[in-house]
Amino acid sequence: MAGERSAERVVAAGARPGKRPPEPEAEEPSLLAPAPSLGDGSDSGLSDSDSEESVFSGLEDSGSDSSEDSAEGEDGASSGEGHGVTTGQQVQIAGTPSPKTEAARAQGDDEYMQDSSDEEDVRNTVGNVPLEWYDDFPHVGYDLDGRRVYKPVRTRDELDRFLDRMDDPDYWRTVRDRMTGHDVRLTDEQVALVQRLQSGQFGDVSFDPYEPAVDFFSGDLMIHPVTNRPADKRSFIPSLVEKEKVSRMVHAIKMGWLQPRRPRDPTPSFYDLWAQEDPNAVLGRHRMHVPAPKLALPGHAESYNPPPEYLLSEEERLAWEQQEPGERKLSFLPRRFPSLRAVPAYSRFIQERFERCLDLYLCPRQRKMRVNVDPEDLIPKLPRPRDLQPFPTCQALVYRGHGDLVRCLSVSPGGQWLASGSDDGSVRLWEVATARCMKTVPVGGVVKSVAWNPRPTVCLVAVAVENTVLLLNPALGDRLAVGSTDQLLDAFAPPEEPAAQPARWSEASEEQRQAGLRLRICHDKPVTQVTWHGRGDYMAVVLAAQGGSQVLLHQLSRRRSQSPFRRSRGLVQRVAFHPARPFLLVASQRCVRLYHLLRQELTKKLLPNCKWVSSLAVHPAGDNLICGSYDSKLVWFDLDLSTKPYRVLRHHKKALRAVAFHPRYPLFASGSDDGSVIVCHGMVYNDLLQNPLLVPVKVLRGHTLTRDLGVLDVAFHPTQPWVFSSGADGTVRLFT
């Protein structure tokens with residue numbers, strides 16, 4: 001019986017791996033005897049299945065040395081002697097380990113060479129932190145002892161990697177471990193695992209996702225219950241809680257609180273969604289409803305047979321076609337048809353229906369409460385124009401004689417003479433008081449700019465024609481001034497070694513001197529503007545050139561030219577000298593820059609917030625300036641206040657061509673392509689805490705539009721409150 005029990009015990013131990021079976025009796029065969037392991041004499045070693053598990057799991061007991069095995073064998077023998085069941089074969093098995101145990105010991109000798117744990121790498125104990133933190137460090141983490149795990153030195157370039165890819169047959173299965181920085185070669189099992197995961201299969205090969213499910217609770221009636229627990233007493237006794245609920249429901253039915261359900265009416269019911277709303281409520285739907293505006297009824301012009309006065313003539317039709325769609329009174333051309341059947345389909349029907357639909361559902365409509373405000377309270381308190389006199393109010397003289405549009409004009413410092421330049425290739429000199437043309441100087445090209453020298457003792461006019469600036473002595477007025485001007489020009493002595501200059505100075509021939517020409521300043525690019533400094537010795541020139549030097553300064557006494565800027569920022573439109581300080585104002589398309597000529601630095605940058613600056617003028621005191629633009633804006637700047645506009649005036653309907661300040665009176669004027677000159681009162685106070693007063697006082701009209709151009713230049717009389725204007729109609733007009 002003892003032998004049979006021990007055999008059953010050994011078989012049971014083989015059926016349950018991982019458990020230490022009891023010691024076998026002597027009657028059992030020696031093949032079932034397990035190999036001994038560390039422990040006291042009463043326990044035997046691991047069974048065959050235990051040794052297999054230790055081999056495949058990579059775990060090995062620390063007592064796998066031969067000396068400890070022999071000691072364990074002696075202990076096992078002594079314990080076997082105690083039981084009297086040890087045989088020679090068992091001693092031999094205990095003394096010599098089995099092949100599986102040797103494989104386990106060989107794997108356990110270098111246990112950390114191949115780690116089979118589920119972690120990425122147990123040697124780098126940096127934790128769950130982003131590895132990007134170690135990009136700038138030579139190490140990639142820390143091991144169990146706290147020492148740094150350094151990155152391997154990578155000195156291989158792309159060519160070395162290409163050679164490795166060609167020579168190494170295992171290159172395709174080599175990956176880089178981000179935790180340690182080393183290259184790891186994947187085994188066949190790992191490659192197969194990756195391929196299975198990429199194809200959407202399970203990682204375990206032995207897993208069968210389609211194995212039959214075990215139905216623990218089947219539909220068949222079994223003779224044994226799932227649980228044999230005795231039934232509770234409450235399962236066959238009436239519930240007291242339900243009895244209380246039923247009694248409450250019966251009492252509610254008796255009292256009429258609980259009504260029995262009525263049969264539902266299958267017919268659908270309709271009701272007014274807004275019937276419960278108060279029609280007098282402020283937020284009521286119908287009170288806030290704003291109906292859509294109705295379309296205007298058609299008039300006589302939309303008839304298929306309109307009256308003759310509604311039909312447009314050929315000139316009216318051409319004018320209608322040239323207008324913008326938003327400026328047309330009628331969006332269609334009235335036409336006459338003999339009968340209603342001859343009327344064709346309306347070409348813009350679909351477009352107008354579409355725009356009507358957009359207006360109905362895209363344009364928000366809301367009811368606004370009307371505020372009873374006196375319109376006079378909304379108008380700012382401005383002084384009356386009669387209190388701001390004197391200013392020009394009416395047209396006094398018209399200077400006729402030019403054959404083409406007059407682009408520029410300039411008044412002499414004494415106010416007696418007027419110079420004008422035109423596209424007909426001539427410069428005309430007028431007497432202001434009588435509108436008589438005193439002299440006509442042909443220059444052979446379009447005159448872009450004219451500027452009279454501001455010194456009263458010098459009689460000199462600068463004229464910009466194509467690439468040249470001409471200096472004319474008109475020989476008008478005081479003969480002493482005319483003679484001193486020629487003496488000033490003739491007193492120049494050329495230097496022995498002329499320096500390189502951006503412009504070429506040359507004297508006029510004798511025939512040209514008879515016509516009034518004294519000097520020629522030739523440039524490489526066309527000249528668009530010429531202006532004098534207040535002392536009359538320097539003048540600034542604007543060249544129509546992209547990039548490079550667009551602004552040049554000329555000194556008359558030394559006949560010297562220089563470029564103040566190495567390169568110009570943007571396309572320069574206008575320049576002006578400051579009346580009191582050594583400043584030069586340069587206006588480009590989008591901004592106005594203020595340069596200090598002595599320090600040679602940028603002092604201030606003004607932002608007019610305009611699309612294209614067209615003109616520039618500086619106040620005689622020097623603390624304010626105005627800019628005109630092609631987008632119908634006149635911008636006033638206070639240089640002591642800010643770099644942004646103090647005031648933006650939008651009085652003109654078209655582009656501004658010229659702006660000007662009066663040298664004595666608080667007036668400034670602007671000329672536009674709409675054919676009007678607007679005169680404004682601009683008082684600048686000595687008190688710095690008081691803002692300038694800007695009031696438009698008069699709109700002066702007189703020029704006719706030619707080629708969609710109106711007033712091209714404006715200039716004030718130096719002593720009187722008069723303003724001159726030149727237009728595209730070829731006339732110069734004086735308003736007094």
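The lining of the largest cavity has six nonpolar, four polar and no charged residues, where Ala, Val, Leu, Ile, Met, Phe, Trp, Tyr, Cys and Pro count as nonpolar, Asp, Glu, Lys and Arg as charged, and the others, Gly among them, as polar. The model is predicted: local features need pLDDT of at least 70, side-chain atom pairs count only at pLDDT 80 or more, and totals for chains, interfaces and linings use all residues. Residues are numbered from 1 along each chain as its sequence is written, and side-chain values use heavy atoms, with hydrogens and water left out.

**Cavity**

- The count comes to one cavity of 30 Å³ or more; a cavity is a set of points, on a 1 Å grid over the protein atoms alone, where a 1.4 Å probe fits but cannot get out.
- The largest cavity has a volume of about 50 Å³, a volume being the space filled by probe spheres set on the points, which are joined across faces, edges and corners.
- Its lining consists of Ser632, Leu634, Leu649, His651, His652, Leu656, Phe668, Ser670, Ile678 and Cys680, lining residues being those with an atom within 4 Å of a point.
- Strand 28 and strand 29 are the elements that give two or more residues to this lining.

- Strands (E, at least two residues) are DSSP runs numbered from the N terminus.
- Strand 28 (residues 667-672) is largely enclosed by the rest of the structure, because six of its six residues are buried, that is, under 20% relative accessible area with a 1.4 Å probe and protein chains only.
- Leu667, Ala669 and Gly671 point one way from strand 28, while Phe668, Ser670 and Ser672 point the other way.
- In a regular strand the side chains alternate between the two faces of the sheet.
- Strand 27 (residues 656-661) runs antiparallel to strand 28 and is joined to it by five bridges; strands pair if DSSP finds at least two bridges between them.
- Val659 has Ser670 as its bridge partner in strand 28, and five residues separate the two strands of this hairpin.
- Strand 29 (residues 676-683) is also antiparallel to strand 28, with five bridges between them, and Gly671 is bridged to Val677.
- Three residues lie between strands 28 and 29 in their hairpin, and Gly675 in the turn has a positive phi of about 85°.

**Glu431**

- Glu431 belongs to strand 8 (residues 426-431) and is buried, at a relative accessible area of 16%.
- Its side chain makes a polar contact with the side chain of Thr434 at 2.9 Å; such a contact is a pair of N or O atoms within 3.5 Å, and within protein one must be able to donate a hydrogen and the other to accept it.
- Beyond neighbours within four places in sequence, Glu431 is in contact with Tyr399, Gln416, Trp417, Arg436 and Met438, contact meaning heavy atoms within 4.5 Å.

Key
Helices (H or I, at least four residues) and strands (E, at least two) are DSSP runs, numbered from the N terminus. Buried means under 20% relative accessible area, exposed over 50%, partly exposed in between (1.4 Å probe, protein chains only). On a 1 Å grid over the protein atoms alone, a cavity is a set of points where a 1.4 Å probe fits but cannot get out, and a pocket is an open set with protein on both sides within 12 Å along at least five of seven lines; lining residues have an atom within 4 Å of a point.
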